[in-house]
Amino acid sequence: MRLEFDDVSYSYEGKSAEKKRKGKKEQAAKAQWGNAPDARWALRHVSFAVEPGEFLGIAGHTGSGKSTLLQHMNGLVHPTEGQVLADGASLARKEVAAEVRSQVGLVFQYPENQLFAATVFDDVAFGPRNMGLGEDEVARRVEEALGQVGLPFEQLKDRSPFSLSGGQQRRVAFAGVLAMEPDILVLDEPAAGLDPRSREDFLDMVSRFHAQGATVVMASHSMDDLAARCTRILVLSEGEVYLSGAPCEVFSDGERLKAVGLGLPSPAAFAEALRKEGFPLEEGFFSEEQLADAIARALTPAAGGKGEAPLS
Amino acid sequence: MAKDSSNSFVRFRDAGFSYDGKRFVFQNLNLEVPQGQFLCLLGGNGSGKSTIAKHIDALLVPDEGAVEVFGKDTANPEFTYFIRSNAGLVFQNPDDQLVASLIENDVAFGPENLGIPNPELRQRVTDALAEVGLQGFEEHETFALSGGQKQRVAIAGILAMDPAILILDEATAMLDPRGRKGLMRVVRQLHQEGMTIVMITHFMEEAASAQRVVVLDEGQVRMDGTPQEVLVRADELQQLSLEVPFACRLSLLLRQRGVNVPVCITDDALKEELCALSSTM
């Protein structure tokens with residue numbers, strides 16, 4: 001499925017619109033949020049599309065509109081202006097939104113806070129059951145989803161989700177979304193609060209889904225994660241699309257990102273700092289390994305006369 | 001062991017705790033935090049870090065041994081109020097700790113409960129918001145804030161209580177790089193002003209700015225030392241579900257490639273080493 005944002009703006013209600021809405025009838029009719037002088041725009045004229053099969057990263061500093069943008073993707077929040085289209089059909093139509101909601105799996109920040117059922121099985125089954133699937137199909141999907149997130153079905157299915165560790169709880173919450181077998185996975189800071197190893201494991205899992213053909217949209221504060229995993233990155237600032245492109249394009253200019261409160265991925269930031277000090281480092285975009293190679297090359301004299309250890 | 005612990009703000013003495021009465025989160029734990037220290041607790045998920053933080057605030061009391069905060073036994077209900085009003089704990093998730101709909105009301109909640117009168121109360125709210133970079137946000141609504149902004153409001157609420165020890169339980173997890181740097185600046189500044197700080201984090205770069213780093217695993221202290229001593233032990237840290245800071249990873253990669261640099265824990269240190277190497281060529 002292709003999700004398209006067509007000139008989307010979204011505003012939280014300002015005080016004057018609220019007053020109008022509570023006022024007389026004809027005033028209330030005019031109380032469009034966007035028209036209020038004190039409207040606060042969370043998104044402003046956002047146009048882009050999530051292409052099938054891509055791994056789209058959403059970057060932006062705190063308050064830039066990342067979470068609001070993601071909530072538009074399955075019709076949870078509707079644009080104040082503009083529209084969101086799923087394969088050309090507007091999510092403003094109820095039946096479209098209902099259809100899209102089962103195809104766009106939205107995983108919120110700290111999804112484990114939304115666990116509620118008495119057992120792991122019931123929690124993961126909640127989505128599929130609400131889709132009106134039969135119990136056999138529900139059971140199949142729950143087992144498969146738990147397997148996909150690397151949790152042992154037999155051992156955990158009857159346990160309370162609240163007796164699990166934080167990392168496991170997050171996997172259960174994630175399984176609940178996977179069990180709906182979505183086309184598009186939308187993740188808001190999926191690795192926040194996990195320890196480094198669980199973090200890598202969790203992101204590896206997301207990358208695996210992408211490799212298997214799923215479309216993934218991931219908002220993150222970690223430029224390192226975005227650089228290493230995404231095929232395209234959208235940078236938001238003050239609710240507007242500030243930059244969009246492949247990681248090597250987006251991360252080619254540190255100053256441009258710094259202007260909107262973002263940093264470069266660690267290797268790129270370090271490379272830039274070294275160049276500023278006059279270190280003879282070649283241009284380019286590096287992973288950690290590539291950066292180490294490039295620094296070693298720069299420090300190895302062409303004639304090899306200085307007695308430094310050779311490149312391995 | 002000497003009974004007088006006036007210099008020690010937090011002392012775990014052979015402490016043990018279990019949520020279910022079966023599996024101990026930690027046992028025979030001995031840990032001391034002197035007044036004025038900036039301590040960073042590291043450890044994987046489930047290593048007992050958060051449980052330890054809750055013991056410092058007397059939210060939990062040990063099943064075995066004792067925990068003393070400001071020299072007072074946390075298990076004695078007589079001291080609970082004193083300890084809680086002087087030890088400020090910031091949790092992982094700001095949504096769990098915001099209580100009011102207006103920012104100023106939320107920040108004032110703690111000090112108001114301590115009985116701080118106006119106009120001091122108002123001053124404290126203003127000062128605390130300024131410390132976290134949210135000056136002028138008094139009358140904004142908390143629900144419309146982003147996750148990172150909410151976290152800063154939560155921290156301001158703690159600062160307004162003017163605690164003697166600040167415990168941050170992954171308080172920076174949801175902040176963006178700028179917010180995180182800003183918060184670390186606040187933490188370092190508070191430390192310089194004499195505040196005792198216990199910080200739990202997964203960000204190794206933050207650990208590098210602490211005075212002391214303690215690494216926990218299954219409720220046990222596995223490593224204890226300065227950041228320079230602890231953070232360079234890559235293999236051990238990885239086994240404990242942790243990683244080493246970027247500068248340290250890069251140092252190790254460079255050494256594998258025959259570049260003769262010491263293992264650095266900060267970008268600046270490594271940068272200097274490399275520039276020095278390059279200038280001798």
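Guide: This is a predicted model. In soluble globular proteins, nonpolar side chains tend to be buried together. Here the largest nonpolar core has 52 residues, and those with the most contacts inside it include B:Leu42, B:Val107 and B:Val215. Helix α5 (residues 147-159) of chain B gives the most to this core, namely six residues. Another core, of 50 residues, lies apart from it; A:Ala59 and A:Met205 are among them.

Visitor: With which residues is B:Val215 in contact, leaving aside its neighbours within four places in sequence?

Guide: On that basis, B:Val215 is in contact with several residues, including B:Leu42, B:Met223, B:Val230 and B:Leu240.

Visitor: How should I read a sheet?

Guide: Strands of a sheet pair through backbone hydrogen bonds, either parallel or antiparallel. In chain A, six strands form an open sheet in the order β6-β7-β8-β3-β9-β10, with mixed pairing. At the edges stand β6 (104-107) and β10 (240-245) of chain A; each has a single partner strand, so one side of each is left without a neighbour in the sheet.

Visitor: In what sense do β6(A) and strand β7 of chain A pair?

Guide: β6(A) and strand β7 (residues 184-188) of chain A pair in the parallel sense, over four bridges. A:Leu106 has A:Val186 as its bridge partner in β7(A).

How values were computed
Residues numbered from 1 in each chain as written. Chains lettered and ligands numbered in written order. Predicted model: local features only at pLDDT ≥ 70, side-chain atom pairs only at ≥ 80, totals over all residues. Heavy atoms only, no water. Core = buried A, V, L, I, M, F, W, Y, C linked by side-chain atoms within 4.5 Å. Buried < 20%, exposed > 50% of the residue type's maximum accessible area, 1.4 Å probe, protein only. Helix = DSSP H or I, 4+ residues; strand = E, 2+ residues; numbered from the N terminus. Contact = heavy atoms within 4.5 Å. Pairing = 2+ DSSP bridges.
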